[in-house]
Structure formats: C-alpha cells, structure tokens
Amino acid sequence: MKFNVVSSFATGILLATTICGAVYYTEDPVVTKAASKPTQTVQKVVAQPTETEMQEKLLAAGYVVQPKAEYDKTLEEAKKAAATASAANNNSKKIAYRAVITVSQGMTSIDVGKMLEKAKIVPDDFKFSQDVEKKGVEKNLRPGTFTVDTEMTYDQVIATIFKK
C-alpha cells in the first residue's frame, strides 16, 4: 500500500469518529423518543387459592400432601429403618474371596498387585506394591502357583508370594 492510501483511510476514520462523538455528546440524554408516548399500566388482581383448594388440586394431580410435622415423623422412621437394616447387614457374614495366583518369571510386584486386586484380595494394587517395596522384598518374588484369600492378613499374603 502506498502512504497516500493509508493516510486517506486514517483521515476518513478520524472524520467519522469525530462526527459520531459530536452527535453523541451534543444530544440531550434526558429526552428520548420512546418516552414521549404515555404508557398505561394495568394491574391484575389474582385471588390466592385457599389451603384446602391447593391440597385438592395437588391430590387430583397425583401428589402426596402432608403437613411438615407428619413429613418429619415419616423421615425419622425411614432413617431408623435404614439404620436397623444396615446393622442387620453388618451382622451378616462377610464374603471371603479365595484366589489361585500363578506368578511367572519376569513378573513384578505391580503385576501381582493387579492380579490380587482383580481377584478382590487387596483393595488397591498400587498400595500393595508400595507395601511390598517398604518391606524390601520386591526382588524376592517367587515363580509358582499360590492360593490366597481375603481372610489372610496383608503380611501373610506377602509372605506367601514373596520369600524373605
């Protein structure tokens, strides 16, 4: 682009901005064309239904309507029932899992942890491998087939699969 074209363009923008600014600042902001028309406000009075009418409408629509005190009582009874049900579940026997794990040459403690987690013997494979490393037996992994179950302690599972 040539300098004359750029300067002409810049002059045009400056002129347009000046005209817009002059119109904006010289116009009276209080008087607007929309405010010149008078407006009418219409107030509608809506009658509120009574409590019995609201209950009847809700019951007709299929909703259950009860006072707050009755609702709170029902809620407390439900909580008590849930607490007794969970207490009954806690008293029931715990499920024990038993797994036969085959460890082959070249496996790591992470691989064993993944197999134990998949068999639901340990809850977290990464935590299992960290515990093995804390005990310092990660290099002592023995190849073979081992039977482990959830009734065994963490130390017993580690002692079964890793030799000390």
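Is Phe128 buried or exposed, and at what relative accessibility? Phe128 has 0% relative accessibility, so Phe128 is buried (buried is under 20% relative accessible area, exposed over 50%, partly exposed in between, with a 1.4 Å probe and protein chains only).

The model is predicted: local features need pLDDT of at least 70, side-chain atom pairs count only at pLDDT 80 or more, and totals for chains, interfaces and linings use all residues. Residues are numbered from 1 along each chain as its sequence is written, and side-chain values use heavy atoms, with hydrogens and water left out.

**Exercise 1. Describe the aromatic pairs.**

Step 1. The structure holds two aromatic pairs. Rings of Phe, Tyr and Trp (its six-membered ring) pair if their centres lie within 6.5 Å; planes under 30 degrees apart are stacked, over 60 edge-to-face, and the rest tilted.

Step 2. Tyr24 and Tyr25 have ring centres 5.1 Å apart and planes at 80 degrees, so this pair is edge-to-face. Tyr24 is exposed at a relative accessible area of 61%, and Tyr25 is exposed at 69%.

Step 3. For Phe128 and Tyr154, the centres are 5.9 Å apart and the planes at 75 degrees, so this pair is edge-to-face. The pair links distant parts of the chain, with Phe128 in helix 5 and Tyr154 in helix 6 (residues 154-161), 26 residues apart. Helices (H or I, at least four residues) and strands (E, at least two) are DSSP runs, numbered from the N terminus. Tyr154 is partly exposed, at 26%.

**Exercise 2. Locate the largest nonpolar core.**

Step 1. A nonpolar core is a set of buried Ala, Val, Leu, Ile, Met, Phe, Trp, Tyr and Cys residues joined through side-chain atoms within 4.5 Å. The largest has 18 residues, and Val103, Leu116, Phe128, Ile161 and Phe162 have the most contacts inside it.

Step 2. At least two residues of this core come from each of strand 1 (98-103), helix 4, helix 5, strand 2 (144-149) and helix 6.
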